[in-house]
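Subject: Structure handover

Dear colleague,

Here is the structure you were expecting, followed by notes on what was found in it. Please look through it with the notes alongside.

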Amino acid sequence: MNDRLQQLAIFVRTVESGSFSKVAREFGLSQPSVSRTVAALEDRLGVKLLTRTTRQPSLTHPGEALLSRAREILAGVEEAENTVRGADRLSGILRIAMPATFGVRQIVPLLPSFLERHPLLKIDLMMSDRYENLIAESADMAIRFGKQRDSSFVARRLATTRRLFVASPAYLARRGTPKSLADLGRHHLIGGPTDAGDRSWTARRNGISETQPVDLRVRTRLAAGAVACASVGLGIATVSTWMCTSELASGQLVEVLADYRLDPATAIVVFPAGRRPSQKARALSDYLEQALAIAEEARA
């Protein structure tokens with residue numbers, strides 16, 4: 001990368017991350033070097049781009065004008081390089097934010113085939129159950145569930161799967177097997193991340209919607225936590241097939257109330273606002289959409 005492009009890249013990442021030290025780590029530079037690079041860009045342009053504060057740098061009006069254009073320029077250079085190389089010669093680092101358990105169980109097994117197609121591409125799996133700031137973390141894309149907090153992001157549906165009621169055989173042997181949604185009132189119930197704040201569960205049987213008030217005995221913010229709690233016999237949980245395929249196959253968990261249908265779980269892919277999704281991000285999202293659909297058909 002030539003000096004001018006490097007200056008623009010460091011300026012953009014400084015704004016996005018709000019941290020000279022974080023940018024220094026990303027580029028393999030010292031923090032003073034990053035600060036000098038931004039100062040050199042300001043000197044070359046003859047304007048102040050950032051206001052330095054004790055907390056984090058903030059944009060001036062000229063800085064705001066440069067930011068959008070710099071993003072376009074950097075994305076255009078990457079797009080041009082990948083176009084020349086061809087779709088099968090994607091290169092660089094693709095940073096993907098995703099929930100940890102979903103990533104381990106569903107995404108990682110699909111990556112070998114994708115990376116075989118793109119031998120020059122590297123992937124940074126940003127697995128965390130925190131809600132990552134895509135721009136600050138320099139993520140190219142994220143996989144998320146549920147309603148998005150920022151409507152300015154570009155989002156598309158990635159995959160959908162069933163949610164179901166599950167429990168361990170040992171729990172059902174002790175407490176009995178529910179035959180209707182109303183029977184859940186006599187059972188211990190486990191709430192996962194989709195049940196936050198819910199006081200009732202709704203499901204459909206024979207096309208008719210039923211709602212049952214619930215008093216959750218166990219709550220967890222992780223889908224894997226709900227699966228684990230159900231597996232050791234703490235009660236009945238509602239989880240997606242993505243999260244419990246292996247437990248169902250091994251017999252650790254069994255489906256109950258199988259004639260009921262819960263709202264499905266939907267995974268979406270999100271791209272940072274203010275920039276066109278990169279070619280490598282679009283390539284992976286297209287691949288995952290197809291691969292997850294094939295896996296869902298196999299489960300069905």
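The protein chain contains ten helices and 14 strands, where helices (H or I, at least four residues) and strands (E, at least two) are DSSP runs numbered from the N terminus. This is a predicted model, in which local features need pLDDT of at least 70 and side-chain atom pairs count only at pLDDT 80 or more, while totals for chains, interfaces and linings use all residues. Residues are numbered from 1 along each chain as its sequence is written, and side-chain values use heavy atoms, with hydrogens and water left out.

Of the 300 residues in the protein chain, 46% are buried (under 20% relative accessible area, with a 1.4 Å probe and protein chains only; exposed is over 50%, partly exposed in between). Among contacts (heavy atoms within 4.5 Å) with a separation of 6 or more, 73% are between residues 24 or more positions apart.

Five strands form an open sheet with mixed pairing, in the order 11-8-12-7-13; two strands pair if DSSP finds at least two bridges between them. Strand 11 (218–219) and strand 13 (254–256) are at the edges with a single partner strand each, so one side of each has no neighbour in the sheet. Strand 8 (residues 189–191) pairs with strand 11 in the parallel sense over two bridges, and Gly191 is opposite Arg219 in strand 11.

Helix 8 (residues 223–231) lies across strand 7 (163–167), strand 8, strand 11 and strand 12 (236–240), at about 140° to strand 12. Helix 9 (residues 241–250) lies across strands 7, 12 and 13, at about 115° to strand 12. For these angles, axes are lines fitted to C-alpha atoms, for helices over the stretch in contact, and angles run from 0 to 180 degrees between N-to-C directions.

Ser240 belongs to strand 12 and is buried, at a relative accessible area of 9%. Leaving aside neighbours within four places in sequence, Ser240 contacts Thr161, Arg162, Arg163, Leu164 and Ala265.

The helix pair

The axes of helix 1 (residues 3–17) and helix 3 (residues 31–45) come within 9 Å and cross at roughly 115°. The two helices are therefore roughly perpendicular to each other (65 to 115 degrees). Helix 1 contributes Arg4, Gln7, Leu8, Ile10, Phe11 and Thr14 to the contact, and helix 3 contributes Val34, Thr37, Val38, Ala40, Leu41 and Arg44.

Regards

Methods
Angles under 35 degrees count as roughly parallel, over 145 as roughly antiparallel, 65 to 115 as roughly perpendicular and the rest as oblique.
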